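Subject: Structure handover

Hello,

Here is the structure I promised to pass on. Please open it and keep it beside you while you read my notes below.

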Amino acid sequence: MTRRWYLCCSRHHLDTVPEDSDGIVVPVTEHGVATLLPRYPETYEVEDIVDVAKDRGLSVQALMDFTCAGCEHLSPDGYPSLRSTLDYLASDLEVDGVVVADPYLVEVLATEYDLTVVVSHTAAVDTPEKAWHFERLGADVITVDPALNSNEEEVSAIRERVSVELRTAVGAITFRDPVAFFERNLFSHATAEGIEVDPYRNNPYEPMRERVVVWEVREELFDEVFILASGEPP
Ligand SMILES: [Zn+2]
């Protein structure tokens with residue numbers, strides 16, 4: 001059975017998560033989220049969502065998949081701040097896993113925390129070699145770039161190379177979109193700094209996207225499905 005994870009951006013959103021789902025993924029913006037979403041929950045909302053989800057018996061993963069940490073790894077305040085957020089996720093929120101893109105975070109989480117480490121679609125894993133790299137760092141689950149969602153040949157090639165679980169993201173933009181790389185960096189910084197990016201107002205990349213979102217998927221190729229948005233493409 002393919003396990004099903006649903007993105008959850010608000011308390012109201014949680015009420016719409018189907019009963020057959022295995023868990024939810026909640027954005028934690030403290031250091032940035034690169035996944036493009038219509039809204040990002042405040043800290044108090046995250047705590048509420050996690051509490052209620054756990055009461056309902058759902059597994060919970062925190063989405064912290066920034067593609068740029070603005071040099072936080074190196075700055076005297078940045079590194080302790082990153083670590084204290086990971087401690088907060090593990091010990092206070094008591095999430096079951098963390099979804100990240102940064103290879104350094106994959107390694108730190110895998111070696112120093114008892115959490116499921118999931119590589120986000122924003123890490124753009126689209127070859128067996130990239131998947132192997134993240135597996136070697138300690139990933140438990142790897143989300144394949146959405147461009148491959150229906151590509152049996154390429155997903156099978158990745159599966160042959162690694163033994164981790166493979167996840168697909170539905171409703172996400174793909175790395176093959178020419179502006180995805182830049183847009184993810186923009187959102188990483190904007191979410192960390194609390195700047196709202198509005199497609200109609202201040203997102204410079206919005207009109208430049210080509211393959212905006214990948215909705216199609218061959219679920220049988222994957223162990224897990226992460227549904228970022230449901231229904232018809234907007
Ligand atoms: Zn940056």
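Start with Arg167. Its relative accessibility is 1%, so Arg167 counts as buried. Before going on, please note that this is a predicted model.

What does Arg167 form a salt bridge with? The partner is Glu224, and the closest N and O atoms are 2.8 Å apart. Arg167 sits in strand 7 (residues 165-170), while Glu224 sits in strand 8 (residues 224-227). The pair therefore ties together parts that are 57 residues apart in sequence. Is Glu224 buried or exposed? Glu224 is buried, because its relative accessibility is 4% and the cut-off for buried is under 20%. The contact is also part of a network: salt bridges that share partners join Arg3, Glu165, Arg167 and Glu224.

**Other salt bridges**

How many salt bridges does the structure hold? The count is 15.

Take Arg83 and Glu112. Their side chains meet in a salt bridge, at 2.7 Å from N to O. Arg83 lies in helix 3 and Glu112 in helix 4 (residues 103-112), so this pair ties together parts that are 29 residues apart in sequence. Arg83 counts as buried, at 18% relative accessibility. Glu112 is partly exposed, with a relative accessible area of 46%.

Now look at Asp15 and Arg11. Their side chains meet in a salt bridge of 3.0 Å, again taken from N to O. Both residues lie in helix 1 (residues 11-15). They are four residues apart, which is about one turn of the helix. Asp15 is partly exposed at 45% relative accessible area, and Arg11 is partly exposed at 30%.

**The zinc ion**

Which residues are the protein donors of the zinc ion? They are Cys68, through SG, and His189, through NE2. These donors lie 2.0 to 2.1 Å from the zinc ion. Cys68 is in the loop between strand 3 (59-63) and helix 3, and His189 is in helix 7 (residues 180-192). The pair therefore ties together parts that are 121 residues apart in sequence. Cys68 is partly exposed, with a relative accessible area of 26%. His189 is partly exposed too, at 33% relative accessibility.

**The negative patch**

Next, turn to the surface. Glu47, Asp51, Asp55, Asp87, Asp92 and Glu94 gather there in a patch of negative charge. Helix 2 (43-55) and helix 3 (78-92) are the elements that give two or more residues to this patch. Which helix gives the most? Helix 2 does, with three residues.

Asp92 lies in helix 3. Why does Asp92 count as exposed? Its relative accessible area is 55%, and exposed means over 50%.

Glu94 is found in the loop between helix 3 and strand 4 (97-100). At 47% relative accessibility, Glu94 is partly exposed.

Most residues other than glycine have a negative phi.

Ala124 is another residue to check. The phi of Ala124 is near 60°, a positive value in a residue other than glycine. Ala124 lies in the loop between strand 5 (116-119) and helix 5 (128-137). Ala124 counts as buried, at 4% relative accessibility.

**The nonpolar patch**

Which residues form the nonpolar patch on the surface? They are Phe175, Phe181 and Phe182. Together they have about 290 Å² of accessible area. Phe175 has its place in the loop between strand 7 and helix 7. Phe175 is partly exposed, with a relative accessible area of 33%.

Best wishes

Conventions: Residues numbered from 1 in each chain as written. Predicted model: local features only at pLDDT ≥ 70, side-chain atom pairs only at ≥ 80, totals over all residues. Heavy atoms only, no water. Patch = residues over 30% accessible without salt bridge, like charges linked within 9 Å, V, L, I, M, F, W, Y side chains within 5 Å. Areas by Shrake-Rupley, 256 points an atom, 1.4 Å probe, with all protein chains shown as cover. Salt bridge = Lys/Arg side-chain N within 4 Å of Asp/Glu carboxyl O. Lys, Arg positive; Asp, Glu negative; His and termini not counted. Charge placed at Lys NZ, Arg CZ, Asp CG, Glu CD. Buried < 20%, exposed > 50% of the residue type's maximum accessible area, 1.4 Å probe, protein only. Donors = N, O, S within 2.8 Å, 3.2 Å for Na, K, Ca; no water.
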